[in-house]
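This briefing covers the arrangement of two chains and the fold of one of them. Please view the sequence and the structure first.

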Number of protein chains: 2
Amino acid sequence: MTSHQPSGEETGNVVALCGGVGGAKLALGLYRVLAPDRLTVIVNTGDDFEPLGLHVSPDLDTVMYTLAGIANPETGWGRTDETWSFMQALAALGGETWFRLGDRDLATHVERTRRLAAGDSLTAITDEFRRRLGIRARLLPMSDDPVRTVVHSAQGPLPFQHYFVKLACAPAVTGFEFDGAATARPNPVLHDAIADPRLRAIVICPSNPYVSVDPMLAVPGIFEALDASAAPIIAVSPIVGGRAIKGPAAKMMAELGVTPTPAWVAEHYRALLDGFVLDRIDADMIGRPPVPCQAAPTVMTSLADREVLAREVLRFADRLRRHDQAA
Amino acid sequence: MTSHQPSGEETGNVVALCGGVGGAKLALGLYRVLAPDRLTVIVNTGDDFEPLGLHVSPDLDTVMYTLAGIANPETGWGRTDETWSFMQALAALGGETWFRLGDRDLATHVERTRRLAAGDSLTAITDEFRRRLGIRARLLPMSDDPVRTVVHSAQGPLPFQHYFVKLACAPAVTGFEFDGAATARPNPVLHDAIADPRLRAIVICPSNPYVSVDPMLAVPGIFEALDASAAPIIAVSPIVGGRAIKGPAAKMMAELGVTPTPAWVAEHYRALLDGFVLDRIDADMIGRPPVPCQAAPTVMTSLADREVLAREVLRFADRLRRHDQAA
């Protein structure tokens, strides 16, 4: 990854919906091409859990570390320049070590847990963390109320991280459930961010539809707020050439009897979408999804790739808005 | 510190009462000269507290790390071969860092906190930790119930660690209180350890009388169990030449209008003592305390010093027992 400076030349406010690694890449692209304080990222908290009694928010942390430039590029989770003394000592004491927590990463979880116990909201804690890490974008957990993704599988119901990390996504999935979603309230500032009349675009990042984006849409009020927004809503396909760029999305689709294609993803979000971005290698599928499509290079390897895709998505949103106004 | 092998030639069971650093030195000496599994150390938990929401037991950890050979010899607290990534990251997030927790040390606190929350007792957790660290002595927290030492001072009442670490013992003390002691139950196996008819000696280690030993004696049943024991009870003076070898004991005495002498310490424990060990430089005070006294080299610099003092204390106990039987 090169270290060229962010351009920040793009204007307007943008909202992104985001899960972990894949989504965070585009969130970083948007963050870098937009002027400071213009980006709001709404992040899935359905895979939050409490290993060792600590409140870990994997997606929130991945996005936060990514935007702060301290994400570990090799692992796809945790922090760069990490040490592992804690885990070594924990193993010697007989503690559970299947969920790896680095020494620096641990500070996030310990301090978050302490502040939650003291009555602070996840939103307030996240906002302080991102400010202290020098991030000039808003990071909003989808809700301050607990929502826990359960993966139904051949091995029975599994808490998400148990399925994802401990079992390395091995069990065949049969469905998903978002415990607590029905009574969860959306993040308290989410509605205002989405209803912003100056909003340039809402971007559903290339995250797992089942376990990164659906938990957000399951919180009553979030779908409705998105649906009511005047800004164009664009999803970027996490499926490229029949495979997921990162994570188990394609494997899940296959297990659920779905052929993993961008068209299926577009159909999945259909009720919300104004436009859909798929990879250039899937350009032959343009026309099949029931919304305007745009082909773009969606496999983000370099920092420049992230920025190129971010600009493409914003240009596409602008065209959709003009088209909409002309109609 | 040399690394010569423990001799382990001494027979019989021994119980030691112990606070932090000073007491842990003699506990280590006893541990090394006694055959394996012969030593039981009852440890003060009055200075336990919950920084960052984690249950820290400073004295228990000092004794555990000392007996396991992993105590930090420079600081007098924490572990050797430590790293500090967690604290650095915590500071960057705006967390409280006045109580320094190393990355390896943190594993003890996180796992203890998790297990306490799961309903395990401090005794059971401590026993598993010491076994996993290869310690063949029993470590008994004085109680599984919370007791919290409060230091009354010119600045008002202060939680012990606030006084000790954050304020570096600066405020003048006016008294002490052991919150929770009145309703705390002694460690569940403490009574059997002390009532053991084969017990060779009970040793009150050279710890702070006010804040290391008195909290133990304040738990109903502990004084009574000690008083009823057939074994000789010997205290080792933490005051040498009018000064405390370690910590604020002498400063506290002066602030409370007491001249810091071994004689005062012996008087403080008088109701329990069968014998008292003071340093050779205080040998002129022999005869002033109202119990049999023994002069010995009590300033333990090397590992050999710890073992020499441990043997002296055991010999003294044996002489007191024979004298008692002859009388």
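How many residues does the contact take from chain B and from chain A? It takes 24 residues from chain B and 24 residues from chain A, where contact means C-beta atoms, placed from the backbone, within 7 Å. This is a predicted model, in which local features need pLDDT of at least 70, side-chain atom pairs count only at pLDDT 80 or more, and totals for chains, interfaces and linings use all residues. Residues are numbered from 1 along each chain as its sequence is written, while chains are lettered from A and ligands numbered from 1 in the order in which they are written.

**Interface**
- On the side of chain B that touches chain A, helix H3 (85-92), helix H4 (103-117) and helix H5 (122-132) each supply at least two residues; helices are DSSP runs of H or I with at least four residues, strands are E runs of at least two, and both are numbered from the N terminus.
- H4(B) gives the largest share of that side, ten residues.
- Of the interface residues of chain B, 100% are also interface residues in chain A, so the copies meet through the same surface.

**Chain A**
- Chain A has twelve helices and twelve strands.
- The C-alpha trace of chain A spans about 65 × 45 × 40 Å along its principal axes.

Key:
Two residues are in contact if their C-beta atoms, placed from the backbone, lie within 7 Å.
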